Amino acid sequence: MTATIRAIALGFDNVYVVRDERVILVDGGQPGKFASLVRGLRKASVAPADIGLIIATHGHWDHIGCLAEMKQYTGAPLAMHAADRGSIEAPKPVMPPGVTPWGRFVSALLTATLIPRLKIPATTVDVVVPDDGMSLEPYGVHGRVLHTPGHTPGSVSIVLDSGDAIVGDLAMNRIPLRLSPGLPIWADDMALERRSIETVLVAGAKPI
Ligand SMILES: [Zn+2]
């Protein structure tokens, strides 16, 4: 069976449903979007008990906002790299540093407007993704989670045996962030970021 990936739009970004022998969810959307997620899962005919694992690609506010509710709804464990786990275990949302003029502008704008109003429910990380990655076979998915730092220190990517990949914000692909797919406008370390793109390609991710 080849895994399929379905995106559920949760405002600023997506939660991904990866369906193979079992189902995993990737990322937790922005805060306050849990009802949209539940609607998306019903539309995709995914029952809460089908979900064996939730993976957060990194700890930014728009990827972790509904993780606590998702864990409660599904009963599934949450996987994250240790370097970002503090973002959900003791949430204090901040905007990441911009690495382009547009990135710096949007970061300053959101820091002054949206960020102080965000409330992110805390939850615990159950599965810590090791530095050398982990297999998703125990969760019924043919693929791996890789540590791909750069955007944040604890960013991870999912590379499936099919060559499909979910890379979080290791790349960005649409307006208003970028006009076309490419490097992120926010990152902690661009040298690490470039190395991590190599990592996912070497692991078998197929460029589109
Ligand atoms: Zn991010």
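**View 1. His 63 and its two aspartate partners.** In this predicted model, the side chains of His 63 and Asp 13 make a polar contact of 3.1 Å. A second polar contact, of 2.8 Å, links the side chain of His 63 to that of Asp 27. His 63 belongs to helix H2, which covers residues 61-64. Is His 63 buried or exposed? With a relative accessibility of 4%, it counts as buried, because the cut-off is under 20%. Setting aside neighbours within four places in sequence, the contacts of His 63 are Asp 13, Asp 27, Gly 28, Gly 29, Thr 57, His 58 and Asp 169. Two of those names, His 58 and Asp 169, come back in the next view as zinc ligands.

**View 2. The zinc ion and its four donors.** Which residues coordinate the zinc ion? They are His 58 through NE2, His 60 through ND1, His 151 through NE2 and Asp 169 through OD, at 2.1 to 2.3 Å. The angles among the 4 donor atoms run from 87 to 168°, and the site is irregular. If you were hoping for a tetrahedral label, that would need all angles to lie between 85 and 135 degrees. Along the chain the donors are spaced H-x1-H-x90-H-x17-D. His 151 sits in the loop between strand E8 (143-147) and strand E9 (156-160), while Asp 169 is in the loop between strand E10 (165-166) and helix H6 (190-202), so this pair ties together parts that are 18 residues apart in sequence. His 151 is buried, at a relative accessible area of 1%, and Asp 169 is buried too, at 13%.

View 3. At the start of H6, a side-chain oxygen of Asp 189 comes to within 3.0 Å of the backbone nitrogen of Ala 191. Which residues of H6 are buried? Glu 193, Ser 196 and Val 200 are. Looking down the axis, the buried residues of H6 fall within an arc of 60°, so they line one face of the helix. Their cover includes strands E8 and E9. Over on the other side of H6, Ala 191, Arg 195 and Val 202 are exposed. After H6 comes Gly 204, with a positive phi near 110°.

View 4. Helix H5 takes in residues 101-112. Its 12 residues reach 17 Å from first C-alpha to last, close to the 16 Å expected at 1.5 Å a residue. Gly 103, Val 106, Ser 107 and Leu 110 are the buried residues of H5. They take up an arc of only 105° around the axis, which puts them on the same side of H5. What do the buried residues of H5 pack against? They pack against H2, the helix that holds His 63. Pro 101 and Ala 112, on the other side of H5, are exposed.

**View 5. Met 134 and its surroundings.** Met 134 is part of strand E7, residues 134-135. With a relative accessible area of 12%, Met 134 is buried. Not counting residues up to four places away in sequence, Met 134 touches Leu 53, Ala 79, Val 127, Val 129, Tyr 139, Arg 144 and Val 145.

Key: Residues numbered from 1 in each chain as written. Predicted model: local features only at pLDDT ≥ 70, side-chain atom pairs only at ≥ 80, totals over all residues. Heavy atoms only, no water. Donors = N, O, S within 2.8 Å, 3.2 Å for Na, K, Ca; no water. Tetrahedral: all angles 85-135°; square planar, octahedral: opposite > 155°, others 65-115°. Helix = DSSP H or I, 4+ residues; strand = E, 2+ residues; numbered from the N terminus. Buried < 20%, exposed > 50% of the residue type's maximum accessible area, 1.4 Å probe, protein only. Arc of directions from axis to C-beta. Contact = heavy atoms within 4.5 Å. Polar contact = N/O pair within 3.5 Å; in protein donor to acceptor, adjacent residues only side chain to side chain. Expected span 1.5 Å × (residues − 1).
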